[in-house]
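Colleague: I am new to this structure and would like a short tour. Could we begin with the overall make-up and then turn to details?

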Amino acid sequence: MLCISFFLVTPISLNLSRFKEIGVTNCLTSNKPTGNHKCGDCFFCAQINQGKYLAFGGIYHTVRQFINCRTKYVVYIVTCSCGHFYIGKTTCPMFERFREHVNSVRTGKGCPKLINHIREQHGSDTQCLRFAGLELVPAPKYGGDRHRELLRKEAAWIIRATAIGPLGLNDRNEMNAFI
């Protein structure tokens with residue numbers, strides 16, 4: 001014979017702010033900082049714009065995710081000390097893409113407007129460059145094409161910041177991600 005018992009359970013209410021006060025974290029009370037941060041382990045950490053607020057080309061932007069030199073699938077910005085900027089995207093860690101930009105000034109292979117600007121205005125000195133992540137594109141929850149979403153976000157940022165304009169160093173915008 002099967003015996004089933006029922007117990008009267010009194011519901012309790014969880015005050016999440018109390019958990020935060022005493023330092024308990026879980027998926028509901030994550031304390032991971034947002035914004036751009038140094039990884040602390042690469043040569044390019046010295047050239048990252050740290051913090052959660054970015055200002056460029058008349059735009060003020062708050063970075064809402066945690067991004068550092070090792071973050072992948074990021075729409076990023078390369079800013080120059082004179083106010084010019086370039087917006088791009090990467091599927092590899094950001095420091096690898098930034099290294100490619102720095103090397104392109106030496107080799108001449110890459111983004112022509114960015115290369116020419118650094119060569120002509122700054123004597124090929126790449127120390128005038130800083131980089132930062134604008135937006136991290138997370139893996140889709142229910143499938144989907146992460147790379148296509150990255151292309152869409154990059155195109156939207158190029159339009160929003162007028163990166164093909166007077167201060168922008170982009171020479172084109174790929175719109176095929178919207179087709």
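Colleague: How many helices and strands are there in the protein chain?

Modeller: The protein chain has four helices and seven strands, taken as DSSP runs (helices H or I, at least four residues; strands E, at least two) numbered from the N terminus. This is a predicted model, in which local features need pLDDT of at least 70, side-chain atom pairs count only at pLDDT 80 or more, and totals for chains, interfaces and linings use all residues. Residues are numbered from 1 along each chain as its sequence is written, and side-chain values use heavy atoms, with hydrogens and water left out.

Colleague: Which pattern does the chain follow along the sequence?

Modeller: The order is α-β-β-β-β-β-β-α-α-β-α.

Colleague: What share of the residues counts as buried?

Modeller: Of the 179 residues, 39% are buried (under 20% relative accessible area, with exposed over 50% and partly exposed in between; 1.4 Å probe, protein chains only).

Colleague: Changing topic, where is Thr79 found?

Modeller: Thr79 belongs to strand E5, residues 74-80. Thr79 counts as buried because its relative accessibility is 15%.

Colleague: And which residues is Thr79 in contact with, leaving aside neighbours within four places in sequence?

Modeller: Thr79 is in contact (heavy atoms within 4.5 Å) with Asn49, His84, Phe85, Cys128, Leu129 and Arg130.

Colleague: Which side chain does the side chain of Thr79 join through a polar contact?

Modeller: That of Asn49, at 3.5 Å. A polar contact is a pair of N or O atoms within 3.5 Å; within protein, one must be able to donate a hydrogen and the other to accept it, and residues adjacent in sequence count only if both atoms are side-chain atoms.
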